[in-house]
Structure formats: C-alpha cells, structure tokens
Amino acid sequence: MSALLQAASTATGPDFRAEFSRDPAGLKHFPALVLNADYRPLSYYPLSLWPWQDAVKAAFLDRVTIVSEYEEVVRSPSTTIRIPSVVVLKDYVAPQRRVAFTRFNLFLRDEFACQYCGSKGDLTFDHVVPRARGGITSWENVVAACGRCNLRKGSKSLKQVGFHLRKPPRRPEAGQLMNLGRKFPPNHLHASWMDYLYWDAELEA
C-alpha cells in the first residue's frame with residue numbers, strides 16, 4: 001500500500017490515472033458522489049461527481065473518507081481496491097454567498113421554463129423592460145423565455161403584448177439555487193447515493 005500511496009502523492013492528472021487498470025473496460029461509468037464535510041452534496045445541479053480516478057487519488061491523499069463503494073474493483077501493480085461510490089471531504093468547503101449572474105444560474109432560477117408561457121423548450125433570455133426602453137441587464141430584469149414569446153414580445157412592454165410573469169424576477173440566494181437543483185436529478189442515480197441526496201426530504205407515510 002505504501003508504494004501506491006507514494007504514487008498518489010506524486011502523480012498528477014493522466015499519470016495517476018495510468019497507475020490503475022480494470023477488466024473489463026468502462027470505468028467512466030463509475031463516478032463518485034462528492035459530499036461536503038456536513039454530508040451534503042457540494043452541488044445538486046450539476047450533481048457533484050468525480051471520476052473514479054479522482055476519488056481514489058483523494059482517498060490516498062487523505063482528503064476524503066470513503067463511505068460507500070461499488071462492487072467493481074481497480075488494480076495497481078501492488079494492490080486491488082473497490083471503486084468508491086460516495087466520498088466525504090474531510091475539510092468543509094463553505095458555499096459561495098453571492099450567486100454569479102450567469103446563463104446557467106438564471107435558467108436554474110427560472111427552473112428551465114419560459115417565464116411567460118411555461119414551456120421548457122427553445123429557451124433564450126428576455127429583458128422584461130426592453131433595453132430600448134431603458135431596461136438593464138440584471139437579475140431583476142432578465143428572465144428565461146422561449147423563442148416564440150421572445151419574438152412576440154420584442155421591444156414591447158408586458159402590457160402591450162398581454163404577458164404576465166409567472167413569478168417576479170429576483171436575485172437568488174445560493175441556498176435557493178441549491179434547492180432548485182434538487183428538482184433536476186441526472187439520468188443515472190446510483191442506489192448508494194440516495195440517502196445523501198434527499199436526506200432532508202419529508203418521508204411518506
């Protein structure tokens with residue numbers, strides 16, 4: 001094990017990944033769910049996942065604790081270990097308090113739905129108060145909109161086109177986006193992750 005630990009301590013990137021092999025191929029299908037030191041995911045959307053190589057490396061560097069494993073194993077010249085499926089950071093990472101005004105975060109705030117008609121396809125952005133009328137690009141004046149509604153509204157006011165916002169646009173808090181992300185799980189959720197993804201959800205009777 002000491003030889004493997006030395007390799008983990010000195011190798012970076014592809015070099016470390018080359019230390020391990022597995023038969024059959026397909027290790028890309030075994031990501032590890034990464035939890036903060038409080039046992040909550042670092043992020044729900046996108047879900048905080050590491051490639052198996054990064055999880056193994058972090059474990060040997062004593063940066064994480066492995067709390068669940070896959071049945072599959074990986075091998076180095078000196079040892080065989082099971083692939084981690086859930087790891088917990090040993091040092092707590094404080095979440096950012098200020099939410100960046102980005103395309104992704106705005107779509108997430110609006111739950112990937114047009115704020116005029118509610119449709120979820122062909123999304124773009126719209127200035128509630130058009131820029132031609134003095135509207136600014138801000139959390140409070142930009143919403144997700146489908147292409148059809150965006151084209152119909154153009155540089156008109158909401159009243160002129162008879163539109164109504166589904167909810168007032170506001171600057172979101174980091175915790176709000178975290179909770180909204182829980183509504184959009186990835187296509188694949190491994191069984192070992194479930195206790196950590198929705199641990200504070202209400203239990204059904």
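Me: Which side chain meets Arg 82 in a salt bridge at 3.7 Å, N to O?
Reply: Glu 69 does. A salt bridge here is a side-chain nitrogen of Lys or Arg within 4 Å of a carboxyl oxygen of Asp or Glu. Before going on: this is a predicted model, where local features need pLDDT of at least 70, side-chain atom pairs count only at pLDDT 80 or more, and totals for chains, interfaces and linings use all residues. Residues are numbered from 1 along each chain as its sequence is written, and side-chain values use heavy atoms, with hydrogens and water left out.

Me: What else does the side chain of Arg 82 meet in a salt bridge?
Reply: Glu 71, at 3.4 Å, N to O. Glu 71 is in β3 and Arg 82 in β4, so this pair ties together parts eleven residues apart in sequence.

Me: Is Glu 71 buried or exposed?
Reply: Exposed, with a relative accessible area of 64%. Arg 82 is partly exposed at 35%. Glu 69 is partly exposed at 35% too. The cut-offs: buried is under 20% relative accessible area, exposed is over 50%, partly exposed is in between (1.4 Å probe, protein chains only).

Me: How many salt bridges does the structure hold?
Reply: Seven. Another one joins the side chains of Lys 183 and Glu 111, at 3.2 Å, N to O. That pair links distant parts of the chain, 72 residues apart: Lys 183 is in the loop between α7 and α8, Glu 111 in the loop between α4 and β5. Lys 183 is exposed at 51%, and Glu 111 is partly exposed at 23%.

Me: Now the sheet. What order do the four strands have?
Reply: β2-β1-β4-β3, in an open sheet with mixed pairing. β2 and β3 stand at the edges with a single partner strand each, so one side of each has no neighbour in the sheet. Two strands pair if DSSP finds at least two bridges between them. β1 and β2 run antiparallel, joined by two bridges.

Me: What lies across those strands?
Reply: Helix α3, residues 52-60, lies across β1, β2, β3 and β4. It runs at about 80 degrees to β4. Axes are lines fitted to C-alpha atoms, for helices over the stretch in contact (heavy atoms within 4.5 Å), and angles run from 0 to 180 degrees between N-to-C directions.

Me: Is α3 largely enclosed or left open?
Reply: Largely enclosed by the rest of the structure, because seven of its nine residues are buried. Among them are Trp 52, Val 56 and Phe 60.

Me: New topic. Where is Tyr 44?
Reply: In the loop between β1 and β2. Tyr 44 is buried, at 7% relative accessible area.

Me: What does the side chain of Tyr 44 reach at 2.7 Å?
Reply: The backbone oxygen of Leu 197. Leaving aside neighbours within four places in sequence, the contacts of Tyr 44 also include Met 178 and Tyr 196.

How values were computed. A polar contact is a pair of N or O atoms within 3.5 Å; within protein, one must be able to donate a hydrogen and the other to accept it, and residues adjacent in sequence count only if both atoms are side-chain atoms.
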